[in-house]
Each structure stands twice: as structure tokens, then as C-alpha cells.
Amino acid sequence: MLFVRNVFKELKTVAAGVATDYVHSYLLQHLVSSAEPHQLQQLLSELSKDFYYVCSHPCGAKVVESALLQCLRLQALSAVVEDEDDNSENPMTLEDLFLMLCADVEAKFLKYSLNRNSTFVVRTLFRGLGGVIHKPEPVWKEKPKPREIVDKDSTQEAEIGRA
């Protein structure tokens, strides 16, 4: 958790650049699932400053979509999310931030809907407004069960014995 906390602390001013970087966006996309509500709020508020640019970028759209899905999951877990920092510059809740992003998309809907990357973000926002919560796929899938190794000679002997 210390690693996650440090990464989100460093993202305060460079979130849009990291979200649109091909290497770092993949890491950020996976770290969002471990983010605390105030970290997620900080990330989304930073990304909202240049929201269309981030949403129209192939990597940025995936980061924003992951952050929005995590936001919806956190809202489903607890109705009231309090910020740990009382001295924060942005007193908005995750729900207020989500609605603000929806208003931005509504104002520029045609622009967002014509871009192939930002349409995924629009879809996620619509699902959130509709109350549909996407369950994440497990990162580690169960290993397949090992097959039984059957000796060919013993099965042939058993078949000969039956005949």
C-alpha cells in the first residue's frame, strides 16, 4: 500500500501525462483498483482538467475507464465517502466529481462520441448513471487442474483382460 500511496502522491501534477504514456498508463490502470477513495478523487479531479485530451488518447481512455469503474465500485460499497484530507483544495465527493464529468461529456457529446477512444469512457459514464456496476475480472485466474497421466501399457492390458 505504501507503493500505491507514493505513486498517487507523485501524480498530483502530472496525471494527464502519465495516463497518456504507453508504459506508465498500464501500471496506473492496475493501481487504480487498489486506490483509496481520496486517491481516486485526486486522480479524477486532476484528469478532469484536460478530460477530452485524456479520453481521446488510447491509453488515457483505459485509465479513465478504470478509474470510473473503481469510483462506481467504491460508491456501491459505501454511500458516504469522506476525504482524509480536510485541508484539501477540492472538497468534491466522488459522486460530485462523477456528475461533473458527465456534465462535461453532455456539453461536448458529439465531440466525445465521434472519437473511438472516448466512446468507451462515455459508455462507462452511461452505465454509472444507469446504476450498472461492472465486476472486475480476477487478475490471477485459477490454474487448470493437471491431467491424470495414464500409462498406455496398463490400459492396453486392462482392455485385453476384459476381452
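Guide: Happy to! A residue counts as buried here when its relative accessible area is under 20%. Please keep in mind that this is a predicted model.

With that cut-off in hand, let's turn to helix α4, which spans residues 37–47. Nine of its eleven residues are buried, so the helix is largely enclosed by the rest of the structure. The buried set consists of His38, Gln39, Leu40, Gln41, Leu43, Leu44, Ser45, Glu46 and Leu47. What do these residues pack against? Their partners are α1 (2–10), α2 (15–19), α3 (24–31), α5 (51–56), α6 (58–77) and α7 (94–107).

Leaving aside residues up to four places away in sequence, Thr20 touches Tyr53, Val54, His57, Cys59 and Gly60.

Cys59, one of those contacts of Thr20, is itself buried, with a relative accessible area of 12%. Cys102 also counts as buried, at 12% relative accessibility. Might you wonder how many disulfides the structure holds? The count is zero. For Cys102, the closest cysteine sulfur is that of Cys71, 9.5 Å away, which is too far for a bond, because a disulfide needs the two sulfur atoms within 2.5 Å.

Terms used: Residues numbered from 1 in each chain as written. Predicted model: local features only at pLDDT ≥ 70, side-chain atom pairs only at ≥ 80, totals over all residues. Heavy atoms only, no water. Buried < 20%, exposed > 50% of the residue type's maximum accessible area, 1.4 Å probe, protein only. Helix = DSSP H or I, 4+ residues; strand = E, 2+ residues; numbered from the N terminus. Contact = heavy atoms within 4.5 Å.
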